[in-house]
Amino acid sequence: MKSLPGILIGLAVGAVVGILLAPESGKTTRRKISTESDSFFKDLQDQLQSGLDSIKEQYNDYVDSASSKTQDLVAQAKRKAK
């Protein structure tokens with residue numbers, strides 16, 4: 001996530017340089033840019049989804065751990081109360 005601004009800036013600079021130095025026609029260049037930007041955003045979406053999945057997994061692990069510890073503490077308190 002920290003590298004996202006750098007990636008976006010790199011994409012913009014690359015697109016500008018590519019347009020200025022393109023040996024192909026404007027139509028072909030625009031098609032290439034469209035295809036590459038679609039690919040970039042698809043990859044970005046996949047990375048974000050992967051990050052969200054990782055966060056969800058970590059959260060669920062934390063909740064499970066906290067629940068288990070809470071149950072252990074309740075069981076200990078019940079044993080001491082007897």
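**Close-up 1. Val 16 sits in helix H1, which covers residues 4-21.** Helices here are DSSP runs (H or I, at least four residues), numbered from the N terminus. This is a predicted model, where local features need pLDDT of at least 70, side-chain atom pairs count only at pLDDT 80 or more, and totals for chains, interfaces and linings use all residues. Residues are numbered from 1 along each chain as its sequence is written, and side-chain values use heavy atoms, with hydrogens and water left out. Val 16 counts as partly exposed because its relative accessibility is 48%; buried means under 20% relative accessible area, exposed over 50%, and partly exposed in between (1.4 Å probe, protein chains only).

**Close-up 2. Val 16 also belongs to a nonpolar surface patch.** Patch members have over 30% relative accessible area and no salt bridge; nonpolar side chains (Val, Leu, Ile, Met, Phe, Trp, Tyr) are joined within 5 Å, and like charges within 9 Å. The areas come from the Shrake-Rupley method with a 1.4 Å probe, and for residues only the protein chains shown count as cover.

**Close-up 3. Thr 28 and Thr 29 are both found in helix H2.** The helix takes in residues 26-81. Thr 28 is partly exposed, as its relative accessible area is 27%, whereas Thr 29 counts as buried because its value is 10%.

**Close-up 4. Asp 46 and Lys 42 meet through their side chains in a salt bridge.** The N to O distance is 3.0 Å, and the structure holds one such bridge. To count, a side-chain nitrogen of Lys or Arg must be within 4 Å of a carboxyl oxygen of Asp or Glu. Both residues lie in helix H2, four residues apart, or about one turn of the helix. Asp 46 is partly exposed because its relative accessible area is 38%, and Lys 42 is partly exposed too, at 45%.

**Close-up 5. Gly 51 is another residue of helix H2.** With 28% relative accessibility, Gly 51 counts as partly exposed. Go 20 residues along the chain to Gln 71, and the two C-alpha atoms are separated by 30 Å.

Note on methods. Helix = DSSP H or I, 4+ residues; strand = E, 2+ residues; numbered from the N terminus.
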